[in-house]
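The tour goes stop by stop.

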Amino acid sequence: MTRRSTERLLVAVVLSLSGVVAAVALGRPAVAMLVTPWFVLLVVGIMRSDPQEPSLSVAVDDTRPLVGDTVAIAATVSDVDGRVTMTASPLSPVGALSRQPIAPQEIAISGRPETVMFTVPTDQWGTFDVGRMAVEVVEPYGLTRWTGVLHDPTPIRVHPTSQQIQSMVAPWFVRRTTGAHQSRATGRGVEYADLRPYGPGDSLRDINWRVSARSDRLWTSQRHPDRATDVILLLDSFVESGHDVQTMFGLAIEAAVALAESHLSVTDRVGLVELGGLVRWVVPGTGRLQLQRLVDALLATALYANAADRDLTLIGPRAMPPRSFVLALSPLLDDRFIEALVQLTGRGHDVAVVECDPAIDRADERAGRVEPTAADVAWRIWSAERAMLHDRLAQRGVAVARWDRDLPLEVTLRVLTRNRRRIGPMVRR
């Protein structure tokens, strides 16, 4: 805490000295009596001035709110001597958490702990520490004040708004575990597959009586069982200068949270691999606890500029089980990440890419122009390069679907499913 003087102290000093000087200059001691109250205030205020070392304890009502929710912050201040007036206000990153200004709160403390409440709306997702408070303590008589920053680490994790995904991308490979993805094999299931003659060991429930009534033998229906799979969310955290990386990275985080929630809800094992400035991973798992691990890892992810080569050899073998379904979330701007996608297909993984692209189509802006501008030509070259990259990945069996904020993620996943069906027969699996 730093001690500072107030305007009242300056006024008391000036008036006291002025009264004494005037009394001496005029030779009338009675003049000094006019400023006696200010002189007494100055002496008593200085004598009652003690060092202030308050302590802070911060509590929140919800440590995992969603974007748009309101968080109540209770700041309790104690260890303050004497009756003082304290003004407290949250500091950044609360300012990044909420775009609305947060008014400071003023309370009177008389030696016992006092609590001040703040209501902060959450405007964006991420991990924030709301335990930093700017505190100003005004001592009795208002001559001095103590200012400083108190910190009680209180992290909260603001989750992105959940997106309901009705149709998920179907994987090529599944595990022998009951789930929601249709297997190409035959067994007990719901989806009709084929007919075959009745044989020993077949269940009577599988007999197709309509077909058997038109034949001289019994026929049984074969069905596709529903299975689960291993889903790996591959997050691109490479920094490519010259682009709006924060917007693209935010798209990737929001898509990863939505995909994790949807796949975990159908008993898939979901894991996370971050490949970029840092290499981190979360081993695949199931359940609500796994969702919490994934969201915590995603919210803690940041962009780090790093020119070092980052490849798949740095990732532990448990992080990517064999024949996993890899959903990559990337703007596809870094060659190192694109090379990693090619390596994954070579290892036998099923790879699909959601291209997080904040670019806006300039077709409307070009409408009506006779001569293309330099920006139009650059846009055409950029679009041609992206199309060539998509074709090159399709030849490797990697389908790509573009997604931006103006397009629902559900639509992008349907486009990705259609692209996978188109290139599926091109690749021997």
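Here are the stops, with what to select at each.

This is a predicted model: local features need pLDDT of at least 70, side-chain atom pairs count only at pLDDT 80 or more, and totals for chains, interfaces and linings use all residues. Residues are numbered from 1 along each chain as its sequence is written, and side-chain values use heavy atoms, without hydrogens and water.

**Helix 6.** Select residues 288-299. Helix 6 has 12 residues and spans 16 Å from first to last C-alpha, close to the 16 Å expected at 1.5 Å a residue. That expectation is 1.5 Å times one less than the number of residues. Helices are DSSP runs (H or I, at least four residues), as are strands (E, at least two), numbered from the N terminus. D296 is among the buried residues here (buried: under 20% relative accessible area; exposed: over 50%; partly exposed: in between; 1.4 Å probe, protein chains only).

R64 sits in the loop between strand 2 (55-60) and strand 3 (70-78), 232 residues from D296. R64, R157 and D296 make up a network.

**Helix 4.** Select S212, in residues 209-213. S212 is buried at 9% relative accessible area. Its side chain reaches the backbone nitrogen of W219 at 2.9 Å.

Notes: Polar contact = N/O pair within 3.5 Å; in protein donor to acceptor, adjacent residues only side chain to side chain. Salt bridge = Lys/Arg side-chain N within 4 Å of Asp/Glu carboxyl O.
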